[in-house]
Amino acid sequence: MKYTQLGKTGMRVSRLVLGTMNFGTRTDEATSDAIMDRALELGINFFDTANQYGGSHHGLTEEIIGRWFAQGNQRREKVVLATKFYNEMANAVDGPNDAAGVSAYKLYRSLDASLARLQTDHVELYQMHHIDHTANWDELFQAYETVMAQGKVYYAGSSNFGARHLAFAAAAAEKRHFLGLVSEQHLYNLTQRLPELELLPTARNLNMGVLVWSPLASGLLAENALTVKTGRRAQKAAKLSNAQRQQIEAYEALCQSIGESPSTVALAWVLHNPAITAPIVGPSSVQQLDEAVHAVELELSPATLSKLDEIFPGPGGAAPEAYAW
């Protein structure tokens, strides 16, 4: 496994993040435990979750991780743990304050509830799961400063923010002499390259880490994407246009020609971008996790990268040069 620093922090994290969204829903607890054990064996030290994960049982995923930590053998000490808050939680008692969004009130309560489920006294990275356009940065950063002083949170992060939101947050943090957001978790893959226009350049300028969710485009960039018959991948494949199906077919043919699996190439392509800290992988089996690790070592040739640009053209680079004279 390879490691890098998370944005402007000195904390070192693996170049793959173990995503846990399927734990307790598509993946039973015993298999989830085996995946987490194997992740540590492979050198993956960065785990990502969220308070809402668990299907209709919000918080179930965090509970599974907490029970795994409780098994001992320094499991907790070996993990850089990230979780998120923003969404409504089933059976919450906060009334109108449980509505989707962020506030100091919600941060304090959501964090304490997550720590209880995770059976830990801190998380390394606490992320806002989505932008709240009504948020007051002084309120939020004061709350973050408080939980950091208490040792409950080490770093603040965001997810699904726009480039302008990262800039607004950075300006507010600088006024407070506060470290601010150290990472952004964002959708990015060969089929979704719009972040190259604004988000990724902004994150690099602000020295923020970028964690990538859905690097395999919900499985469309994985093996047998067009032939699978059941599940979410089949549903997404059924909605593809003829042009999109031709893209996937050309992509699969390219992967076959270089002797690599489509999922490995998709992950390696994300890792090739210097703005990216790590893609988040969500394996449903130990075997899938073992296969994902190969992407960290795979160097795509200039010819392969050029061909991928032909199949999945991006926005043309960073703004404004991508569209202005």
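Helix α3 is followed by Q119, whose phi is positive, near 55 degrees; helices here are DSSP runs of H or I of at least four residues, strands are runs of E of at least two, and both are numbered from the N terminus. The model is predicted, so local features need pLDDT of at least 70 and side-chain atom pairs count only at pLDDT 80 or more, while totals for chains, interfaces and linings use all residues. Residues are numbered from 1 along each chain as its sequence is written, and side-chain values use heavy atoms, with hydrogens and water left out.

**Helix α3**

- The 15 residues of α3 (residues 104-118) should span 21 Å at 1.5 Å a residue, and the end C-alpha atoms are 21 Å apart, which agrees; the expected span is 1.5 Å times one less than the number of residues.
- Buried residues of α3 are A104, K106, L107, S110, L111, S114, L115, R117 and L118, where buried means under 20% relative accessible area, exposed over 50% and partly exposed in between, with a 1.4 Å probe and protein chains only.
- These residues cover an arc of only 160 degrees around the axis, which puts them on the same side of α3; the arc is that of the directions from the helix axis to the C-beta atoms.
- The buried residues of α3 pack against α2 (60-69), β5 (80-85), β6 (123-128), α4 (137-149) and β7 (153-159).

**Aromatic rings**

- The structure holds 9 aromatic pairs, counted for rings of Phe, Tyr and Trp (its six-membered ring) with centres within 6.5 Å, where planes under 30 degrees apart are stacked, over 60 edge-to-face and the rest tilted.
- The rings of F85 and Y126 are stacked, because their centres lie 4.9 Å apart with planes at 15 degrees.
- Since F85 belongs to strand β5 and Y126 to strand β6, the pair ties together parts that are 41 residues apart in sequence.
- F85 counts as buried at 0% relative accessibility, and Y126 is buried with a relative accessible area of 0%.
- The rings of W137 and F141 form a tilted pair, with centres 5.2 Å apart and planes at 35 degrees; both residues are buried.
- Ring pairs link W137, F141, F161 and F178 into a cluster.

**Nonpolar cores**

- Of the 83 residues in the largest nonpolar core, L181 and Y251 touch the most other members; such a core is a set of buried Ala, Val, Leu, Ile, Met, Phe, Trp, Tyr and Cys residues joined through side-chain atoms within 4.5 Å.
- The largest share of this core, 7 residues, comes from helix α9 (residues 262-272).
- Apart from this core lies another, of 13 residues, among them V13, V17, L211 and I280.

Notes
Contact = heavy atoms within 4.5 Å.
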